[in-house]
Amino acid sequence: MRLDKMIASTGRWSRKEVKQLVKEGRVVVDGKIADGADAKYDPEENRIQVDREVLRFSEYHYVMLHKPAGILSATEDRYAETVLDLLPRELQKLELFPVGRLDKDTEGLLLMTDDGALAHRLLSPKHHVDKVYYARTDGPVSEEDCAAFAEGLQLGELKCLPAKLEILSAGIISEVLVTLREGKFHQVKRMLESRGAPVVYLKRISMGPLVLDKTLEKGQWRYLTKEEIEKLFNLK
Ligand code: URA
């Protein structure tokens, strides 16, 4: 495969940018500075570095985004900004999509990928991937609420799976952690509202083994590490 095509496939640089990197001598193949963007190499055999970083070539891409409030968990919308708009153009072209949705006003961890099979596994109720949310509520929460969550709340027609409610601080404004194994529409908000404690702030902090990176500011993203990707694939 051509060097420029191979490096652009990481989604981090355009073909034009790769040509520039090569010109600037920042691309190294098997220890030697690459002298042409059109030379052909094998992503399995050759060791390609950009600015000393060894590149990994995988068919799919996995990105952790710290979603801010006010942005839609969608890939396109006529009027509103979407989470895809927060990624650079090179990644947008790869058609990444969010794995599960967060409400427009919810913040926190959002995994974005172009790996449909992994997304399907993570979202399937069969695999029971725990999602942990931090919430602030306008109203008190009690041990009784924790017991009701553990039992499985009935929300109209919906019988929720047993969930965990942990109280971090109880008062007029309470702080809680909610752990869910499912992800129905507005579920955390509806669960807490049904207990008389409507949510005023919601943030997802983890999804299965994936924990929101504290160094990511709202609106920032990074690639998952090799270890994080392995953990996702090792989920039962
Ligand atoms: N539950 C909600 O109510 N909103 C979200 O965004 C995620 C879970």
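**Buried helix face, charged pairs and the main pocket**

In helix α6, the residues Q187, V188, K189, M191 and L192 are buried. Buried means under 20% relative accessible area, exposed means over 50%, and partly exposed lies in between (1.4 Å probe, protein chains only). Helices (H or I, at least four residues) and strands (E, at least two) are DSSP runs, numbered from the N terminus. The model is predicted: local features need pLDDT of at least 70, side-chain atom pairs count only at pLDDT 80 or more, and totals for chains, interfaces and linings use all residues. Residues are numbered from 1 along each chain as its sequence is written, and side-chain values use heavy atoms, with hydrogens and water left out.

The buried residues of α6 pack against β8, α5, β9 (154-155), β11 (164-169), β12 (173-180) and β13. An α-helix has 3.6 residues a turn, so residues three or four places apart point the same way. After α6 comes G196, with a positive phi near 80°.

The protein chain as a whole holds seven helices and 15 strands. Its C-alpha atoms fill a box of roughly 70 × 35 × 30 Å, taken along the principal axes. Of its 236 residues, 45% count as buried. Contact means heavy atoms within 4.5 Å. Among contacts with a separation of 6 or more, 64% join residues 24 or more positions apart.

The charged side chains form 16 salt bridges. A salt bridge is a side-chain nitrogen of Lys or Arg within 4 Å of a carboxyl oxygen of Asp or Glu. D145 and R195 make one of them, at 2.6 Å from N to O. This pair links distant parts of the chain, 50 residues apart: D145 sits in helix α5 (residues 143-151), and R195 in the loop between α6 (187-194) and β13 (199-207). D145 is buried, with a relative accessible area of 6%. R195 is partly exposed, at 30%.

E90 and K93 form another salt bridge, at 3.1 Å from N to O. Here E90 is buried, with a relative accessible area of 12%. K93 is exposed, at 54%. R222 pairs with E228, and their closest N and O atoms are 2.9 Å apart. E228 counts as buried at 13% relative accessibility. Salt bridges also link R2, D4, R15 and K19 in a network.

D114 presents another case. This residue lies in the loop between β7 (107-113) and α4 (116-123). D114 is buried yet has no salt bridge. For charge, Lys and Arg count as positive and Asp and Glu as negative; His and the chain ends are not counted. The nearest side chain of opposite charge to D114 is R56, 12 Å away. A polar atom of the D114 side chain does lie 2.7 Å from the backbone nitrogen of H61. Leaving aside neighbours within four places in sequence, D114 is in contact with E59, Y60, H61, L94, E95, L96 and F97.

S14 lies in the loop between α1 (3-8) and α2 (15-23). At 14% relative accessibility, S14 counts as buried. Beyond its neighbours within four places in sequence, S14 is in contact with A8 and E90. The C-alpha atoms of S14 and L91 are separated by 9.6 Å, although these residues are 77 residues apart along the chain.

Two loop residues other than glycine have positive phi values. D30 has phi near 50° and lies in the loop between β1 (27-29) and β2 (32-33). D30 counts as partly exposed, at 43% relative accessibility. R52 has phi near 75° and lies in the loop between β3 (48-50) and β4 (53-54). R52 is exposed, with a relative accessible area of 76%.

The largest pocket has a volume of about 540 Å³. On a 1 Å grid over the protein atoms alone, a pocket is an open set of points where a 1.4 Å probe fits, with protein on both sides within 12 Å along at least five of seven lines; lining residues have an atom within 4 Å of a point. Grid points are joined across faces, edges and corners, and a volume is the space filled by probe spheres set on the points. The pocket is lined by 32 residues, of which R101, L102, Y133, G183 and K184 lie nearest its centre. At least two lining residues come from each of α4, β8 (131-138), α6 and β13.

Notes:
A polar contact is a pair of N or O atoms within 3.5 Å; within protein, one must be able to donate a hydrogen and the other to accept it, and residues adjacent in sequence count only if both atoms are side-chain atoms.
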